[in-house]
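Please read them with the structure open.

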Amino acid sequence: MTEALPNFEGLLREALAPVEPPEDLIVRLEGTLTSITEMAVEELEAWELSAMRDPRNWARPAVAVVAGTAAGTALVILRARRRAQPPPSGLRGIQRPSFDRSGAERALRDLGRETRKLFGDR
């Protein structure tokens, strides 16, 4: 019984070790979110308002609204976070302040810009 305990701990350490994501993960995720948003917009554009009278027809547009909103929001946040990340530098010892008002204002401007870019032409 005592032999199984160290092996169990080693397995746990190995299983919980941090894993680096692939470098192209952000690009693939952004492409997928853009595709979902575009499909949701196409679904809503193809839907006719005359079909609104029958509640049985509400499922597809409702799913399109939810999926499009979620994907669009995730896409805006992803792009804003990527833009807000500082470029890698060799000075890793310098600590950033815990709250930076100008950084928060810049992040809000970036969110607004990305939202207008994503939904502005529709």
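1. In which helix is L44 found? L44 belongs to helix 2. The model is a predicted one, and the points below should be read as describing that prediction.

2. Surroundings of L44. Leaving aside residues up to four places away in sequence, L44 touches P61, A64 and V65. R60 lies 16 residues from L44 in sequence, and the two C-alpha atoms are 8.7 Å apart in space. The relative accessible area of L44 is 35%. L44 is therefore classed as partly exposed, given that buried means under 20% and exposed over 50%.

3. Overall make-up. The chain contains four helices and zero strands, so that its elements, read from the N terminus, run α-α-α-α. Of its 122 residues, 16% count as buried. Among contacts in the chain with a separation of 6 or more, 75% are between residues 24 or more positions apart.

4. Geometry of helix 2. This helix covers residues 25-46, 22 residues in total. From its first C-alpha to its last it reaches 32 Å, close to the 32 Å expected at 1.5 Å a residue.

5. Which residues of helix 2 are buried? They are E30, L33, T37, A40 and V41. These residues lie on the same side of helix 2 because they cover an arc of only 100° around the axis. On the face turned away from the buried side, helix 2 carries the exposed residues V27, M39, E42 and A46. The cover over the buried residues of helix 2 includes helix 3, residues 59-84.

6. The second largest pocket. This pocket holds about 170 Å³ of space. Its lining consists of E23, I26, V27, L78, R81, R82 and Q85. By type, the lining residues divide into three nonpolar, one polar and three charged.

7. Which element supplies the largest share of that lining? Helix 3 does, with three residues. Helix 2 and helix 3 each give at least two residues to the lining of the second largest pocket.

Definitions and conventions: Residues are numbered from 1 along each chain as its sequence is written. This is a predicted model: local features need pLDDT of at least 70, side-chain atom pairs count only at pLDDT 80 or more; totals for chains, interfaces and linings use all residues. Side-chain values use heavy atoms; hydrogens and water are left out. The expected span of a helix is 1.5 Å times one less than its number of residues. Buried means under 20% relative accessible area, exposed over 50%, partly exposed in between (1.4 Å probe, protein chains only). The arc is that of the directions from the helix axis to the C-beta atoms. Contact means heavy atoms within 4.5 Å. On a 1 Å grid over the protein atoms alone, a cavity is a set of points where a 1.4 Å probe fits but cannot get out, and a pocket is an open set with protein on both sides within 12 Å along at least five of seven lines; lining residues have an atom within 4 Å of a point. Grid points are joined across faces, edges and corners, and a volume is the space filled by probe spheres set on the points. Ala, Val, Leu, Ile, Met, Phe, Trp, Tyr, Cys and Pro count as nonpolar, Asp, Glu, Lys and Arg as charged, and the others, Gly among them, as polar.
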